[in-house]
Amino acid sequence: MKKILGIFGLFAVICLFTALEADSFTKPNNIANLASRTGLYGVLGIGVAFVIVTGGIDLSIGSIVGLTGTLLPWLIIRHGWSVPAALGFVALVSIVIGLFHGLLITRLNLQPFLVTLCGLLIYRSIAQYVTDDQNQGFGTEYTGLRDLATGSMGTMATLMTLVGAVLTGFLFFRYLGVKRSEVAPKEQRPVLIGLITAGALTLVGLITWLTGSTLLAEVPAPMPFWILVVVAMICGLVLNDTVFGRHLLALGRNEQAARFSGVRTTWVIIAAYVICAVLAGLGGVLFTCDLNGIQPATLGQVFELYAIAAAVLGGCSLRGGECTILGIVIGTAVLRLLLNAFNLLGTSYTIESAVMGTVILLGVLADEVIRRFVRRRRRTAG
């Protein structure tokens, strides 16, 4: 909870500073574009989080985006496949890649860094080979498919109201369950805080939606952001309210202890890499629909850095065992906000990679400092 509040505070400060320094920041088109970019990259950040929480890493995300994003228009336009068949094949490719990574890591005990680094090189080369390294796209056709990334539905106020209502209902029943189980008040507090926050979000969104009194009532809600919200809610439910999620977190904290406790660590790790690859495949589809004209050699380059940086900034520990889906969404928004601010303030785009590297480094340093502080407190208390 403290990490989420901290990253949200950073997000608010950057928003305020940019709004004061650049008038164009608060224009509806800029905010909609920012939300769209957050949706596109946020899906990748959530995917890699499932791997990071196990103590692993996936460096092949960008190449999976490049491969799946290239295959989709190649199959539809060049070979006449139907849209459902092409999407199904892309999903199958993503699943096979995830299984391949997971089996190599668990069955042959290869290092995740090495396996996914090789994948980074292999998958992009496959994309270039099958397409003869030619540009791919849908042209002026398949506008319905492209609406997945370029369309919008309602306004940000509508989205806020719906998300707040769903979260309020879910947290209300969870809080009732916690109260009935007579859990200590200290452990009830996070659920209560979440319930109050979700209720406030619903109320603000509803008032804004009905009155049209704020900027959010004018900003269209991009489809990629809707998709990110759905993915985040599903993954949050899986991580926090399922046996698999508890096993995943336990494995990340101490794999040997988890194994001795009866957790099938091999299959949990494989499932984590499959989830990561599938969400990377989804990212490939969305980016292709968004860009339309893509080059196999460049689509998805360094996207793995965006994903890892968003996960680390959002509270994931690179040592494993810690993950908050909401934190990752906010972390992605902070990264996109920083890059948007640099662009509006006239800073060179070449600083983009420096921002990614700095975020990852600061995240690792913060994680190490916090761990040492906690360890010292435990020793003192003991």
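## Packing of H4 and H5

Helices H4 (residues 83-107) and H5 (residues 112-130) cross at an angle of about 145 degrees, and their axes are 9 Å apart. The crossing is right-handed. On the H4 side the contact is made by Ile97, Phe100, His101, Leu104 and Ile105, and on the H5 side by Pro112, Val115, Thr116 and Tyr123. Contact means heavy atoms within 4.5 Å. Axes are lines fitted to C-alpha atoms, for helices over the stretch in contact, and angles run from 0 to 180 degrees between N-to-C directions. A crossing is left-handed if the near helix is turned anticlockwise from the far one by less than a right angle, and right-handed if clockwise. Helices (H or I, at least four residues) are DSSP runs, numbered from the N terminus.

## Basis of the model

The model is predicted: local features need pLDDT of at least 70 and side-chain atom pairs count only at pLDDT 80 or more, while totals for chains, interfaces and linings use all residues. Residues are numbered from 1 along each chain as its sequence is written, and side-chain values use heavy atoms, with hydrogens and water left out.

## Salt bridges

The structure holds 2 salt bridges, a salt bridge being a side-chain nitrogen of Lys or Arg within 4 Å of a carboxyl oxygen of Asp or Glu. One of them joins Asp290 and Arg37, with the closest N and O atoms 2.4 Å apart. This pair links distant parts of the chain: Asp290 is in helix H12 (residues 265-291) and Arg37 in helix H2 (residues 28-52), 253 residues apart. Asp290 and Arg37 are both buried, where buried means under 20% relative accessible area, exposed over 50%, and partly exposed in between (1.4 Å probe, protein chains only).

Arg259 forms a salt bridge with Glu255, and here the closest N and O atoms are 2.9 Å apart. Both residues lie in helix H11 (residues 255-260), 4 residues apart, about one turn of the helix. Arg259 is partly exposed at 41% relative accessible area, and Glu255 is partly exposed at 34%.

Ser36 is another residue of helix H2, and its relative accessibility of 9% makes it buried. Neighbours within four places in sequence aside, Ser36 is in contact with Ala149, Pro222 and Pro224.

Ile76 belongs to helix H3 (residues 61-78) and is buried at 3% relative accessibility. With neighbours within four places in sequence again left aside, the contacts of Ile76 are Trp81, Ser82, Val83, Ala86, Phe138, Tyr142 and Leu145. The C-alpha atoms of Ile76 and Ala86 are separated by 6.6 Å, with the two residues 10 apart along the chain.

## Nonpolar surface patch

Trp81, Phe89, Leu92 and Val96 make a nonpolar surface patch of about 350 Å². Patches are made of residues with over 30% relative accessible area and no salt bridge; like charges are joined within 9 Å, nonpolar side chains (Val, Leu, Ile, Met, Phe, Trp, Tyr) within 5 Å. Accessible areas come from the Shrake-Rupley method with a 1.4 Å probe; for residues, only the protein chains shown count as cover. Phe89 lies in H4 and is partly exposed, at 32% relative accessible area.

## Positive phi values

Asn109, in the loop between H4 and H5, has a phi near 55 degrees, a positive value in a residue other than glycine. Asn109 is exposed, with 62% relative accessibility. Asn292 also is not a glycine and has a positive phi of about 70 degrees. Asn292 is placed in the loop between H12 and helix H13 (303-313), and is buried at 12% relative accessible area.

Methods. Helix = DSSP H or I, 4+ residues; strand = E, 2+ residues; numbered from the N terminus.
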